[in-house]
Amino acid sequence: MQRVNADARPDVPQHVALRAVEWWMELQSGKDTRAQQFALVRWRAEHPDHELAWRHICNVSGRIRSLADATADPSGATAARSALTRAGSARRRASVKALVTLLFAGGASWMAREHVPWRAWTADVRTALGERRSITLADGTRVTLNTGSAIDIRFTDAERRVRLVEGEVMIATAHRDGERRPFIETAQGSLQPLGTRFAVRQQSALCRLDVFEGAVQITPLDPPDLESIVRAGQRARFTRDSVGELEKISENDAAWTDGLLVASGMRLGDFIDELARYRAGHLSCDAAVAGLRLSGTYPLAETDRVLDAVARTLPVEVVFITRYWATVRAARS
């Protein structure tokens, strides 16, 4: 019997792929009815291409949960429903097109290597804006997720992997005799802990690694034979094909795990960019004051209080257009 590769791109017309993805998103939204489910069954039976497209969506390399898996997993179903309910029609159409491209043009290998926002909807563990969460993996490794972060966990007899889908995590590895430490994967490459505590942050097309204890080996995706060792007190930014120069860090860079933002002569522009990660809506800093410096320890859970403190400390003011749109600019005399 010929073995079928479930990850292979099915040869179906574009309109069939589009409709299959629309069906998947409709059912994932949690608003499906028995009539819709019967309609899907009829659609799948209308033509072999329909069934082929639907099976491909449900089976592609485990990177998207099938409908059965999602509805059996309350956390996954809730995440998908929440994301799709909030999405407007334009965003929904864009999501459908993106899924069609990923599933029917690029295949599972593309999905496994690229960072795309919708993957966070069905991640194994997620945090909301301003939320932090700590979990302990099967081998005792401690993972703390920062604001707006998501990870997938793959622990089996054959592999131990944690994939950073988006955001930032702090990882403190636990090593037991005879056990391997888990690999950490990002869109740019993989990280091999060598007995350590470190943070990984996804930043658009690059990834940032901060090592606080021990060492971590970086292996970018392209070429896979390029490796770099980052040791305690060092930071490295890497892309799919390069590793940048090492920078110095301090324990203050790990203060977010305690809900704090510690600044020591920090540029105001950089400070506001960091604070914005923990606040709903838009928060920006005018270029005219972005170079001002500030120091202090600030609670990330109280961003309004932090902005008030900044306005009292520096010659700036915070202008609110709405509650969710704020700009820090030079204070008027």
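A: In this predicted model, the structure holds 20 salt bridges.

One of the salt bridges joins Glu274 to Arg201, with 2.7 Å between the closest N and O atoms. Glu274 belongs to helix 7 (residues 268–276) and Arg201 to strand 9 (residues 197–203), so this pair ties together parts that lie 73 residues apart in sequence. Glu274 has a relative accessible area of 17% and is buried. Arg201 also counts as buried, at 11% relative accessibility.

Another salt bridge is formed by Arg240 and Asp222, whose closest N and O atoms are 3.3 Å apart. Arg240 is found in the loop between strand 13 (234–238) and strand 14 (247–248), while Asp222 is found in the loop between strand 11 (215–220) and strand 12 (228–231); the pair therefore ties together parts that are 18 residues apart in sequence. Arg240 is partly exposed, at a relative accessible area of 23%, and Asp222 is partly exposed as well, at 31%.

A further salt bridge brings together the side chains of Asp253 and Arg235, at 3.4 Å from N to O. This pair links distant parts of the chain, 18 residues apart: Asp253 lies in the loop between strand 14 and strand 15 (260–267), and Arg235 lies in strand 13. With a relative accessibility of 29%, Asp253 counts as partly exposed, whereas Arg235, at 10%, counts as buried.

Some of these residues also take part in a wider arrangement. A network of salt bridges links Glu168, Arg201, Arg208, Asp210, Arg235, Asp253, Glu274 and Arg277.

Terms used: Residues numbered from 1 in each chain as written. Predicted model: local features only at pLDDT ≥ 70, side-chain atom pairs only at ≥ 80, totals over all residues. Heavy atoms only, no water. Salt bridge = Lys/Arg side-chain N within 4 Å of Asp/Glu carboxyl O. Helix = DSSP H or I, 4+ residues; strand = E, 2+ residues; numbered from the N terminus. Buried < 20%, exposed > 50% of the residue type's maximum accessible area, 1.4 Å probe, protein only.
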